[in-house]
Structures are given as C-alpha cells and as structure tokens.
Amino acid sequence: MTYPSPVCVRLLGGFCLEVDGTPQSVPTGVRRVLTLLALRDRPVRRSVAAGLLWPELTERRAGANLRSTLWRVRRSGDLVVASGDQLSLRQDVAVDVREATAVARVLLDGTQVPATIGVGCLAQDLLPGYYEQWLVLDREQFRQLRLHALEAWCATLTARGRTGEAVEVGLLAAQGEPLRESAQRSLIEAYLAHGTVAEAVRRYHRYRDLLRAELGTEPSPQLRLLVDGAAVAARG
Amino acid sequence: MHGVRLHLLGELSLWRGSQPVRLPPGSQRLAAFLALRDRPVPRAFAAGTLWPEVTDQRAAASLRSALWRIGQACPELVTAGGPELSLGSEITVDVREFSTIAASARAGAALDASAIYRLIDTEGLLPGWPEDWLADDRERLRHLRVDAMEQLCLQLGECGRHGLAAVAGMAAIAAEPLRESAHRAVIRLHLAQGNRFEAVRHYRLLHRMLARELGVQPSPLTRAALDGDVPVTPR
C-alpha cells in the first residue's frame with residue numbers, strides 16, 4: 001500500500017512506524033501508546049490509556065509512566081494530540097488497519113467488485129505475537145472481519161467466473177485459519193469452479209486430516225458431499 | 001434545505017445546512033441539556049442543573065446569557081417563550097435519530113448495511129464532558145447500542161449474512177467485553193456457519209477473559225451453546 005500521508009503506523013503483520021517511507025526505530029513504550037491510539041478511531045482518556053497499558057500498576061504510577069512515555073512520543077515526532085485529558089493520533093497519520101477495515105467492509109457487502117484490489121492489506125493479522133491483554137479483542141475483531149471479507153470476496157469472484165483470482169483469495173482465507181471450515185469451503189468451491197477438481201479433493205483431505213488431529217472431529221457432511229459429488233462427476 | 005442539525009454523538013456540533021454554527025460553551029451545554037429532554041424544562045431547573053456550583057441568581061444570569069448567545073447564533077435552536085425552555089421543534093438531533101434506529105434494530109427490524117455500520121461507528125454521547133447530568137443518558141445510549149448490535153448479530157446470522165453478523169457481534173463485544181450474551185451470539189454464529197473450531201476458539205477466549213477479570217467460568221448457558229464437549233487440545 002502507498003499512502004499520500006508521509007507518516008504511517010502499520011499494525012498488520014507487526015508494528016512499524018514509517019516516515020516518508022522509512023521505518024523508524026521506536027522504543028517499546030512509544031510503540032504501545034501509538035498502537036493503542038491507532039486502534040481507537042476516537043480520542044482516549046489519559047486515565048483509560050494508562051490503565052490499559054499498565055494494568056498491574058497503581059493509578060498514580062501508571063499515570064506517571066504515561067506522562068514520561070508521552071514525552072518520548074513527542075521526541076519521536078509530534079504524532080499524538082493531547083486535548084484536555086484526551087489523547088488521539090494526529091489526524092494526518094495513516095493507519096493500515098483502518099484502511100484494511102474500510103476495504104473489508106466493501107468486500108463483505110459483495111455488491112461492488114473492485115477491478116483490482118491490494119490483497120496484501122487483508123493478508124495479515126493484527127500484531128501477531130503481541131500478547132498484551134487489551135489487544136486480544138481488537139485482534140479477534142479484525143481477524144473475524146478479515147476472514148469473513150476474504151471468504152465473501154472469494155465467493156463473489158467465483159460467482160462472477162473470475163476463478164483464478166478466487167482461488168488466490170481463497171488460499172489467503174484458508175491460510176488465515178486452516179481449521180476454519182467456511183474458509184476451506186470457499187477455497188474448495190473456487191477450485192471446483194476453476195475446473196481443478198483434484199486440487200479441491202486434495203485440499204479437502206488435508207483439512208479433514210488436520211481437523212481429526214487437532215480437534216478429533218470431522219468436516220461437516222455438506223462439505224463432504226460437495227467434494228464427493230464433484231469427484232464422482234469428474235470421473236464421469 | 002437549510003435544516004438545523006445538532007450533533008451530540010462525539011464532539012458537539014451545530015449545523016445549518018452544510019454550514020457549521022459556532023456556540024460558546026455555556027450555550028452548548030444548554031442546547032445539549034434541552035436536546036436530551038423530550039419535554040419543556042423550567043428555567044430554574046435548567047439553570048440549577050447546568051450551573052450547580054453558584055448561587056441561584058448567578059445561575060439564572062448565566063442561563064440568560066447562554067440564551068442570548070443562542071438567539072444571536074441560531075434563534076430557532078431554543079424555544080424560550082414563557083417560564084419553560086425547550087429545543088426548537090424543527091431541530092434534528094443525532095441522538096434521537098440514533099435512538100430510533102437502534103431501538104428498531106433491538107426490536108428485530110432489518111437494517112441495511114450502511115445503517116448497521118452507522119450504528120457500529122457511532123461515538124458515545126459527548127465523551128469528553130464531565131457533567132453529571134449526562135451520565136444516565138450516556139449509559140442508556142451505550143446500552144441501547146450494544147443491545148442493538150447483539151440483536152443484529154443474531155438476526156443477520158439467521159438470514160445467512162454471516163459476515164455482517166460477525167461484525168455486529170464483535171462490535172457488541174468490543175463495547176462490552178464481559179457481556180456473555182454477546183459472546184454466545186458470536187459462538188452460535190460460528191456454529192451456524194459450520195465453524196466449530198472458531199466457536200471453540202471463541203469460547204476459550206471468553207473463558208480466559210472471565211477468569212482473569214472476574215475469577216468466574218462461563219455460564220452453563222454458554223457451555224450449552226457450544227453443544228458438546230469443549231476439546232482441551234491447546235492451540
């Protein structure tokens with residue numbers, strides 16, 4: 001993705017602060033404050049920010065930590081606006097997850113099919129590998145949006161006969177969560193529409209084996225019927 | 001069309017058509033106070049609520065000054081004929097529109113995608129304002145919004161619009177992380193789509209969150225929603 005804005009906070013696939021296209025090195029505390037504000041579209045109260053970022057400290061210590069971190073934020077460029085007791089990211093700072101959310105909503109809708117779209121922005125989860133508590137729900141919220149959007153897009157492309165692209169998008173969904181049946185189903189349907197029955201069957205078997213190993217369950221009968229029916233038809 | 005609109009969700013703003021109208025702080029508070037009430041308010045009550053820390057006389061003077069400034073900036077905003085004050089009858093207030101949409105969603109009405117996203121993206125009532133008299137309305141609107149989104153999650157799931165349903169359900173959870181009924185709606189949605197693994201995964205997320213925040217387990221109702229044993233394989 002390219003941004004008109006010179007400053008960009010990236011949270012998909014990992015944290016990165018870019019100024020004029022160059023990644024900046026950012027201390028941990030500053031990273032956490034920027035992450036929190038980038039995830040909230042609206043201003044965050046200081047006391048709320050301090051409580052989220054330093055839940056194990058007393059209110060006073062957390063407030064002091066926030067103040068010293070904000071001081072360091074200012075030194076790394078004036079990216080945070082403080083108005084009264086509310087903090088927000090400067091208006092012109094671009095945030096990749098906000099743009100990805102907007103794209104995902106269009107795709108979920110299914111009525112508009114953009115001619116070309118950067119698949120990249122929906123290829124990755126929000127800050128994988130960061131285990132901070134306040135991130136858990138944000139991450140799951142984006143994860144569900146991303147996977148649903150990829151599935152919806154895959155189905156739309158399949159229905160419109162753009163099956164090569166459908167397979168590509170379906171693969172992203174299935175990679176996003178290999179144990180998610182709706183993602184595997186989207187991909188399998190795309191393979192079938194693309195005329196690659198063998199790929200569909202192979203994909204189904206891999207999913208089935210994974211499900212047995214991880215959860216001790218079977219794919220749904222509907223999915224099995226879909227694949228069996230296609231395999232029988234292919235054998236003539 | 002030069003209708004006057006008053007926005008109280010997020011920052012306060014007043015618009016005549018597409019032109020912003022500036023109000024000084026005292027007038028802003030008076031407008032917000034009246035907009036949140038359906039009936040006319042006695043002057044003394046408005047003055048006492050909006051300026052609680054000064055004498056009645058000073059409060060009445062502040063009220064007069066706020067009214068005078070409103071009269072200069074946007075005369076139709078407030079009706080101040082007799083001993084009572086009310087918001088002008090032609091003023092559109094975003095809170096009222098929001099309440100109507102959210103209440104119909106809560107009652108099970110079908111909304112189109114743009115109305116759903118409007119509900120989801122709605123900000124709270126004047127979030128930066130410390131005034132006590134806002135607290136109840138703020139709480140009521142927050143609750144209404146979460147109720148509406150949870151209901152939308154269930155209802156959209158039933159008509160097979162799983163993606164939007166997930167968006168609504170996760171927004172309800174983000175607004176009220178410990179509300180188990182919203183988590184249940186999302187778990188049921190995953191199951192309705194054949195995504196058993198996602199349902200189990202979400203149950204585990206809820207389990208960890210409840211244990212950490214409240215030291216309790218998910219309720220039997222939530223366990224029952226999973227409809228079977230919860231596999232223990234960590235992942």
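Q: How much area do chain B and chain A bury between them?
A: About 2600 Å², and 54% of it is on carbon and sulfur atoms. Keep in mind that this is a predicted model.

Q: Why give an area at all?
A: Because the size of an interface is often given as the accessible area lost when the parts come together.

Q: Ok, and how many residues does each chain put into the contact?
A: Chain B brings 32 residues and chain A brings 25 residues.

Q: How many salt bridges are there across that interface?
A: Four between chain B and chain A. One of them joins the side chains of Asp121(B) and Arg105(A), with N to O at 2.8 Å.

Q: Which helices of chain B give two or more residues to the side that touches chain A?
A: Helix H5 (113–121), helix H7 (162–175) and helix H9 (196–214) of chain B. H7(B) gives the most, with nine residues.

Q: What classes of residue are on that side of chain B?
A: There are 16 nonpolar, ten polar and six charged residues on the side of chain B that touches chain A.

Q: And how many residue pairs are in polar contact between the two chains?
A: Twelve, counting pairs where both residues are at pLDDT 80 or more.

Q: Switching topic: what's the strand order in the open sheet of three strands in chain B?
A: The order is E4-E6-E5, with antiparallel pairing. Strand E4 (41–42) and strand E5 (78–79) of chain B are the edge strands, so each pairs on one side only.

Q: How is E4(B) joined to E6(B)?
A: Two bridges join E4(B) to strand E6 (residues 84–87) of chain B, and the two run antiparallel. Pro42(B) sits opposite Glu84(B) in E6(B).

Q: Which strands does E1(A) pair with?
A: One is strand E2 (residues 16–19) of chain A, in the antiparallel sense over four bridges. Another is strand E7 (residues 94–95) of chain A, in the parallel sense over two bridges.

Q: What does Cys8(A) stand opposite in E2(A)?
A: Glu18(A). In E7(A), the bridge partner of Cys8(A) is Ala94(A).

Q: And which residue takes a positive phi in the hairpin of E1(A) and E2(A)?
A: Gly13(A), with a phi near 80°. That hairpin has five residues between the strands.

Notes
Residues numbered from 1 in each chain as written. Chains lettered and ligands numbered in written order. Predicted model: local features only at pLDDT ≥ 70, side-chain atom pairs only at ≥ 80, totals over all residues. Heavy atoms only, no water. Contact = heavy atoms within 4.5 Å. Buried area = accessible area lost by both parts, 1.4 Å probe. Polar contact = N/O pair within 3.5 Å; in protein donor to acceptor, adjacent residues only side chain to side chain. Nonpolar A, V, L, I, M, F, W, Y, C, P; charged D, E, K, R; others polar.
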